[in-house]
Amino acid sequence: GGAIDGATNPTLQVKVGDVVQVTLVNGDGAEHDVSFPDFNATSDRVVTKDASSVIVFRADKKGEFSYFCTVLGHRQAGMEGRLVVGEEGEVTAAAEGQSVVRDPTDLPSPVGARAPQSLRVDLETLEVEGRLADGTTYNFWTFGGKVPGPFLRVRIGDTVELHLKNAANSRMIHSIDLHAVTGPGGGAAVMQVPPGQERSFTFKALNPGLYVYHCATPMVAHHVANGMYGLILVEPEGGLAPVDREFYVMQGEIYTNGPLGQHGHQEFSVEKLLAEAPEYFILNGAALALATEHPLHAKVGETVRIFFGVGGPNFTSSFHVIGEIFDRVYDQASLTAAPLTDVQTTLVPPGGATMVEFKLDVPGRYILVDHALSRLERGLAGYLLVEGADNPDVFRGEPSPGSGH
């Protein structure tokens, strides 16, 4: 009612110390509630149209807070708004931070059929306060300021001189272990780099495949959980078969002291890391990053290739694209074995990768998930948005009764 009448997810403004009464009215007949977790206030669930529930709480702290429906999936579907607690007319800015999200199209062009070469690769480790979710920031440790780190692309037989610089304002020693490297620690044995310094080593790419790289400075799981992972592709002789679009996606976990959804700056929790109890599951650096900030885009008729890896550090992914079937899966990222065909969901362990390819036949929104689907509620989902003409021979949607469409 009043000024918020007809507003979707209205921003609610109150003063510090106000007693706040919220009446929730069910407008569609589905099950709903409303929760203000920062004030320990959650309504009863309303399950019939026009049913209502009332909660009362005191707004005893200043700031900007979320309210949302706690029914599974409803918050992710958009049932979330803001409560601003401050003086009359005052709006308190939520924690923002810089974006650490890696655009899934940010990867080099294919190597192709060239001969082996000597290459130099430069990486820099940066510690940044980044945006983990709306109103929530976290201290990420990164290769190059984004999560995952840069996609590295070489071919079998290349000689690679890799330089790693650690920014002068870093607090930690950082390093790199590339699973594509044959040698002590995958390079990490000679690449422990203090702040403000740079080190290098040289390796030959002996085996084709798609490999994870990550920081390998103790505690290794801490560095990985904070975002220090990426993929390196070693193309086989002659390169990969051409496709219309390539995407770079990696899954990880974030272990915060505060609970899922708590606004403000969040610190790392070593206790939750050791208990393997993350608050967030992420794709490309932040909660729902590939659904909001950088969704994937393609067109009907195109063939797409997804380079998918798991930084972890702890959880295996059951990678799945809702509404699509993988035409080819290069299991465990082996590029020399024959691919699996017609696969629904593929397992990718932490520190592992896969390459999947499929043709797009029908327009619409396809959702990238880990089919351990409770992780969707913790921020793990992305969108593949496909444009083009309908294909009723493959898929035809009928209007719902009474929908008017």
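Which residue in strand 18 is the bridge partner of Gln 251? The bridge partner of Gln 251 in strand 18 is Leu 283. This is a predicted model, in which local features need pLDDT of at least 70 and side-chain atom pairs count only at pLDDT 80 or more, while totals for chains, interfaces and linings use all residues. Residues are numbered from 1 along each chain as its sequence is written, and side-chain values use heavy atoms, with hydrogens and water left out.

- Helices (H or I, at least four residues) and strands (E, at least two) are DSSP runs, numbered from the N terminus.
- Strand 16 (residues 245–254) and strand 18 run antiparallel and are joined by four bridges; two strands pair if DSSP finds at least two bridges between them.
- Strand 18 (residues 280–283) is covered on both faces, with Tyr 280 and Ile 282 buried on one side and Phe 281 and Leu 283 buried on the other.
- Buried means under 20% relative accessible area and exposed means over 50%, with partly exposed in between (1.4 Å probe, protein chains only).
- Phe 281 lies in strand 18 and counts as buried because its relative accessible area is 5%.
- Contact means heavy atoms within 4.5 Å. Leaving aside neighbours within four places in sequence, Phe 281 is in contact with Gln 251, Gly 252, Glu 253, Phe 315, Arg 375, Arg 378, Gly 379 and Leu 380.
- Phe 281 and Tyr 255 are 26 residues apart in sequence, and their C-alpha atoms are 9.1 Å apart in space.

**Strand 25 and its partners**

- Six of the seven residues of strand 25 (residues 353–359) are buried.
- Strand 20 (residues 303–312) pairs with strand 25 in the antiparallel sense over seven bridges, and Gly 309 stands opposite Ala 353 in strand 25.
- Strand 22 (residues 326–330) also runs antiparallel to strand 25, and three bridges join the two. Arg 328 has Glu 357 in strand 25 as its bridge partner.

**Pockets**

- Rolling a probe the size of a water molecule over the atoms shows where empty space is left.
- A pocket is found on a 1 Å grid over the protein atoms alone, as an open set of points where a 1.4 Å probe fits, with protein on both sides within 12 Å along at least five of seven lines; lining residues have an atom within 4 Å of a point.
- Grid points are joined across faces, edges and corners, and a volume is the space filled by probe spheres set on the points.
- The largest pocket holds about 940 Å³ of space. It is lined by 43 residues, of which Arg 75, Gln 76, Glu 80, Asp 134 and Leu 288 are the closest to its centre.
- The lining of the largest pocket takes at least two residues from each of strand 6 (63–68), strand 7 (80–85), strand 8 (118–133), helix 3 (289–292) and strand 26 (364–370).
- By class, the lining of the largest pocket has 20 nonpolar, 12 polar and 11 charged residues. Ala, Val, Leu, Ile, Met, Phe, Trp, Tyr, Cys and Pro count as nonpolar, Asp, Glu, Lys and Arg as charged, and the others, Gly among them, as polar.
- The second largest pocket holds about 770 Å³. Among its 30 lining residues, the closest to the centre are Ile 4, Pro 10, Thr 23, Leu 24 and Tyr 67.
- Strand 1 (12–14), strand 2 (19–25), strand 6 and strand 7 each give two or more residues to the lining of the second largest pocket; strand 2 gives the most, with six.
- The lining of the second largest pocket divides into 15 nonpolar, 11 polar and four charged residues.

**Loops and backbone features**

- Ser 43 is found in the loop between strand 4 (41–42) and strand 5 (52–58), and it counts as buried because its relative accessible area is 7%.
- Asp 50 is placed in the loop between strand 4 and strand 5. The phi of Asp 50 is near 75°, a positive value in a residue other than glycine, and Asp 50 is exposed, with a relative accessible area of 57%.
- The peptide bond from Val 147 to Pro 148 is cis, with omega near 0°. Pro 148 lies in the loop between strand 9 (136–143) and strand 10 (152–155).
- The peptide bond from Gly 312 to Pro 313 is cis, with omega near 25°.
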